[in-house]
Amino acid sequence: MKTGMTFDQIVGLADGLSLPQKESLVELLSKSLIEQRRASLRKDIRDANREFRTGKCRVVTPAELMQEIAR
């Protein structure tokens, strides 16, 4: 959701909150971040599975992977 507010404005508003309100805000933001990370991981897993099923990637051993990374 876009509000048109800058980060500094939001921080300024948060500074005006009471301690319990700040704690609630931190908890809400923390839960939101966790959900965003989960959604991102789900997408990455779906993409990786799709690439594997379509033959765009292959199974490699850890040693092969390390060799590829070292190149």
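Select Glu-35 and Arg-38 to begin: their side chains meet in a salt bridge, with 2.8 Å from N to O. A salt bridge here is a side-chain nitrogen of Lys or Arg within 4 Å of a carboxyl oxygen of Asp or Glu. This is a predicted model, in which local features need pLDDT of at least 70 and side-chain atom pairs count only at pLDDT 80 or more, while totals for chains, interfaces and linings use all residues. Residues are numbered from 1 along each chain as its sequence is written, and side-chain values use heavy atoms, with hydrogens and water left out.

Stay with the pair. Glu-35 and Arg-38 are three residues apart in helix H2 (residues 19-53), so about one helical turn separates them. Helices are DSSP runs (H or I, at least four residues), numbered from the N terminus. Glu-35 is partly exposed at 40% relative accessibility, and Arg-38 is partly exposed at 46%. Partly exposed lies between buried (under 20% relative accessible area) and exposed (over 50%), computed with a 1.4 Å probe and protein chains only.

Next, select Asp-47 and Arg-50. They form a salt bridge whose closest N and O atoms are 3.0 Å apart. These two are also in helix H2, three residues apart, and are therefore separated by about one helical turn. Arg-50 has a relative accessible area of 42%; Asp-47 has 22% and counts as partly exposed.

Move on to Glu-68 and Arg-58. Their salt bridge has its closest N and O atoms 3.6 Å apart. The pair links distant parts of the chain, ten residues apart: Glu-68 is in helix H3 (residues 62-70), and Arg-58 is in the loop between H2 and H3. Arg-58 is exposed at 55% relative accessibility, whereas Glu-68 is partly exposed at 41%. To finish with the salt bridges, a search of the whole structure finds five.

Last, select Met-5, Ile-10 and Leu-13. Together they form a nonpolar patch on the surface, with about 270 Å² of accessible area. Patches are made of residues with over 30% relative accessible area and no salt bridge; like charges are joined within 9 Å, and nonpolar side chains (Val, Leu, Ile, Met, Phe, Trp, Tyr) within 5 Å. Accessible areas come from the Shrake-Rupley method with a 1.4 Å probe, and for residues only the protein chains shown count as cover. Ile-10 counts as partly exposed, at 42% relative accessibility.
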